[in-house]
Amino acid sequence: MAITVIKGGLETTVQDYPGRKGAFGMGFPPSGPIDHWSFRLANVLVGNAPGAAALECAFIGPTLRFERDAVIALTGADMKATLDGDPVPLWQSIGARAGQTLALASAVTGARTYIAFAGGIDVPLFLDSRATFVIGACGGLDGVALKEGQTIPLGSADNAAPGRRLKEGTRPPAPAGGIWEIEVVAGPNDDWIDAAGQRRFLESDWKLSPKSNRVGFRLEGPEWTFTEKATNKAPENGEHPSNVIDHGYPIGAINLCGQTPIILMVDTLTLGGFINPYTVPTCAWWKLGQSRPNETYRFRQVSVAEAQAERRRIAALCTAASLAPEGPP
Amino acid sequence: MIYDEPRVLPGGDTFVLVQFGDDARIDLNFMALGLTAALREDRTKGVIDTNPSYNSVVVEYDPDLIGADDLAQELRRLIEGLGSVEDLELESRLAYLPVMYRDPWTKACVEDYAQRIAPRDGDPEFVARINGLEDAAQLARVHSGTEHWVVAVCSTPGLPLMVALDPRCAITSPKYNPPRTWTTLGAIGVGGLSTSIYTTPGPGGYNLIGRTPVPLWDTQARLPAYRDRVVLLDAADRVKFVPVELEEFEYIERRVADGTYAFNITGYQRFSVRAYKDWVASLDPSERF
């Protein structure tokens, strides 16, 4: 016995980073945390490898009872967590004793809270990953989001201590003015969108639809207009300008389904028959993970090299080097 | 069109899409699967995964291990090494899958759609009619008369996208518009030039012409075929549908339920594109079964 689930929350899943890699050929997306910046920092705070299995809690968090002492850390969204009624600070490691109850409520800022446990969550590997893929009923804890009565097994830890904090400037910043500026890389199918359509995409405000989840983030905004490539094509591509012969989907692709753009996320279908004019690079996924329905996105085009540099910058922050020196704050 | 130079298009910071052409001719898939096999064999540094389809391959890479330009160069080197499409020989198993054509379950699914979403006649009859076939019985003969080439395993776990290898058995049909909201598990669907098998009970757009009682993936390893693999089929495998009636369908269902069903899969063949093309050239394409 390690931790008992009293309440599962809205959708709390075991994830690891970078998730289930190398399984596209079997039809499995990677899964894994959406805000992998906050996720990795939670692990760093409890002395785990940055990618160790931990919990992703969406919008409404779980209630968990500790059956043994543990060191934990919460990062990401503020869900007004309490441990036996006392407020639990975010972004630092804390000790929980056997018998204590950790309760998370609804997110007041952000959307996803990450809970890491020293030693990691010790569920079996499936295709080399512990990440839950609910649609595939696999990974994580019995392939499902946490539910009442389940037991979360923990690994053993030898490197954990409460009271660890992060240095200034190492964690994801809040969006400026409540508007999310999201990096995008053009392609693979940007040449299906005409110049006016590309301009409209980059210059408009986009609203995140409530119909968004780990499969995809649906956006509401202006019309798309197309080039000849979309309108004059081999018939097997399909009728609508956004139709194309089924092709593999990059994760993060902005998939244009008719006139509705959907950012394909970590549990996406791995292939389909719609074009992907732009792709949100991995360095911006944390923004998706923390944005709430009806919030505004603005897209900023960056080069592949710029996106890769930002990815490296974030990865460098997700290490023990980001821990503040021990001692009183 | 087959591109003279395959296109390597960015998909964010960790993916590229390699496109061999812009239509669905099968040569493009042979090239895509040839590149997939070459990447597996080459163990190209930094390449994490591949996701092939009709005329393209998505390649996932680790930008800390290989830069975008170097990756594109490696991909072009491997594609050049493939030679012409006729030179390709691909590992290809042949799986015999039981199917009940015009089964009661997909019929009920289509009727549910007709009632709730949009009027619609029976799918097998519709597909037979628009393909100039006598009736749904001939559709079953034609559909089971060919090996189906697995273009990709994708979209949802274990789901194969397939095209008929025998041009005398090619059928084509428009997809549902609007799509179904649910689909019978194990349903055999046809849409465009393709056949698929629904491996999750989710939405779908293919016309439903039959159902298989066997699972195409199994995360619990209940059946012997799944002791050392999670999904039954790989891209470049072939599927031959074996028509069964209700009694046999239910017998197989019981064998699946008690964990004793043995799949019939042959694994000693390789698929030669040149031999295949020679064979196709020898056929009378106006013939129908």
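In chain A of this predicted model, five strands come together as an open sheet, arranged in the order β2-β3-β10-β5-β8 with antiparallel pairing. Strands of a sheet pair through backbone hydrogen bonds, and this pairing may be either parallel or antiparallel. The edges of the sheet are taken by β2 (11–15) and β8 (93–96) of chain A, each of which has a single partner strand, so one side of each is left without a neighbour in the sheet. From one strand to the next, the twist averages 25°.

Helix α1 (residues 36–45) of chain A lies across β2, β3 (54–58), β5, β8 and β10 (109–117) of that chain, and the helix runs at about 155° to β5(A).

Turning to chain B, helix α6 (residues 246–257) has twelve residues and reaches 16 Å from its first C-alpha to its last, which is close to the 16 Å expected at 1.5 Å a residue. Which residues of α6(B) are buried? They are B:Phe249, B:Ile252 and B:Val256, and, seen down the axis of α6(B), these buried residues fall within an arc of 65°, so they line one face of the helix. An α-helix has 3.6 residues a turn, so residues three or four places apart point the same way. The buried residues of α6(B) pack against β6 (94–101), α3 (104–116) and β11 (207–211) of chain B, whereas the face turned away from the buried side carries the exposed residues B:Glu247, B:Arg254 and B:Ala257. Just after α6(B), B:Gly259 takes a positive phi of about 80°.

Note on methods. Residues are numbered from 1 along each chain as its sequence is written. Chains are lettered from A and ligands numbered from 1 in the order in which they are written. This is a predicted model: local features need pLDDT of at least 70, side-chain atom pairs count only at pLDDT 80 or more; totals for chains, interfaces and linings use all residues. Side-chain values use heavy atoms; hydrogens and water are left out. Helices (H or I, at least four residues) and strands (E, at least two) are DSSP runs, numbered from the N terminus. The expected span of a helix is 1.5 Å times one less than its number of residues. Buried means under 20% relative accessible area, exposed over 50%, partly exposed in between (1.4 Å probe, protein chains only). The arc is that of the directions from the helix axis to the C-beta atoms. Contact means heavy atoms within 4.5 Å. Two strands pair if DSSP finds at least two bridges between them. Axes are lines fitted to C-alpha atoms, for helices over the stretch in contact, and angles run from 0 to 180 degrees between N-to-C directions.
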